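Please read them beside the coordinates.

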Amino acid sequence: QAYPLQSFIDLYGKEDGNRRWASALPGEAPHPGMMKSERSTCSYVVMGSKKGGFPVTVESRARGKTVTVIHNVSGDVDALLRDLKGAVGAGGLVREGDVEVQGDHSSKVEALLLKLGCIKGVSHTNIAAALPSAKPAKAGKSIARLDKKAAQPPR
């Protein structure tokens with residue numbers, strides 16, 4: 001639909017005329033052209049690396065401890081830490097703007113960031129690799145052998 005500029009400003013409060021960036025009114029479905037991360041309710045944003053990778057690394061600390069570090073976080077880092085600690089079930093802290101979670105939880109962290117839609121700048125190939133793959137269904141065990149055994153007369 002094409003809206004006149006004034007009615008567009010009344011509806012969305014934006015003067016740039018770009019409906020893609022407009023936020024939906026309460027009770028109204030968001031514009032389909034809006035990206036998932038733009039529709040999210042996160043108070044933080046995690047930006048991908050320069051080459052489009054996830055900004056999640058696993059580092060080792062003193063005494064052999066491993067930590068998962070999330071770089072390039074902007075916004076409310078304490079809210080990100082709270083969400084990660086709850087989802088992973090491990091302790092963590094904010095150090096120099098980066099979020100650290102105790103243990104090697106890189107796959108869980110990547111999946112959570114994708115699920116929440118709070119990550120930007122990650123290439124589609126990396127996103128596809130991070131998504132959990134559907135496991136093929138196992139072929140059920142054949143019970144024909146058991147049926148034959150049950151049909152035989154007892155010894």
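Which residue takes a positive phi just after α4? The residue is G117, with a phi of about 75°.

1. Basis of these notes. The model is predicted, so local features are taken at pLDDT of at least 70 and side-chain atom pairs at pLDDT 80 or more, while totals for chains, interfaces and linings use all residues. Residues are numbered from 1 along each chain as its sequence is written, and side-chain values use heavy atoms, with hydrogens and water left out.

2. Overall make-up. The protein chain has six helices and seven strands. Helices (H or I, at least four residues) and strands (E, at least two) are DSSP runs, numbered from the N terminus. Read from the N terminus, the order is α-α-β-β-β-β-α-β-β-α-β-α-α. Of the 155 residues, 26% count as buried; buried means under 20% relative accessible area, exposed over 50%, and partly exposed in between (1.4 Å probe, protein chains only). Among contacts with a separation of 6 or more, 51% are between residues 24 or more positions apart, where contact means heavy atoms within 4.5 Å.

3. T68. T68 belongs to strand β3 (residues 66-70). T68 counts as buried because its relative accessible area is 0%. A polar atom of the T68 side chain is 2.6 Å from the backbone oxygen of G103. Leaving out residues up to four places away in sequence, the contacts of T68 include V56, T57 and V58, as well as G103, D104, H105 and S106. V109 is also touched by T68.

4. I70. I70 is found in β3, and with a relative accessible area of 0% I70 is buried. Beyond four places in sequence, I70 contacts V46, P55, V56, L80, L84, D98, V99, V101 and V109.

5. V99. Strand β6 (residues 98-102) includes V99, which is buried at a relative accessible area of 0%. V99 and I70 are 29 residues apart along the chain, and their C-alpha atoms are separated by 5.2 Å. Apart from neighbours within four places, V99 is in contact with T68, V69, I70, V73, V77, L80, L81, L84, L93 and V94.

6. E100. E100 is in β6. Is this residue buried or exposed? E100 is buried, with a relative accessible area of 7%. The side chains of E100 and R61 are joined by a polar contact of 2.7 Å. A polar contact is a pair of N or O atoms within 3.5 Å; within protein, one must be able to donate a hydrogen and the other to accept it, and residues adjacent in sequence count only if both atoms are side-chain atoms. R61 is also among the residues in contact with E100 once neighbours within four places are set aside, and others include V67, T68, V69 and L81.

7. Packing of α3 on α4. The axes of α3 (residues 77-88) and α4 (residues 106-116) come within 11 Å and cross at roughly 120°. Axes are lines fitted to C-alpha atoms, for helices over the stretch in contact, and angles run from 0 to 180 degrees between N-to-C directions. The two helices are therefore oblique to each other; angles under 35 degrees count as roughly parallel, over 145 as roughly antiparallel, 65 to 115 as roughly perpendicular and the rest as oblique. On α3 the contact is made by L80, D83, L84, A87 and V88, and on α4 by K108, V109, L112, L113 and L116. These divide into eight nonpolar, no polar and two charged residues. Ala, Val, Leu, Ile, Met, Phe, Trp, Tyr, Cys and Pro count as nonpolar, Asp, Glu, Lys and Arg as charged, and the others, Gly among them, as polar. The buried residues of α4 are V109, E110, L112, L113 and L114.

8. Backbone points to check. Most residues other than glycine have a negative phi. R63, not a glycine, has a positive phi of about 60°. R63 lies in the loop between β2 (56-60) and β3 and is exposed, with a relative accessible area of 84%. E96 is likewise not a glycine and has a positive phi of about 55°. E96 sits in the loop between β5 (92-95) and β6 and counts as exposed at 78% relative accessibility.
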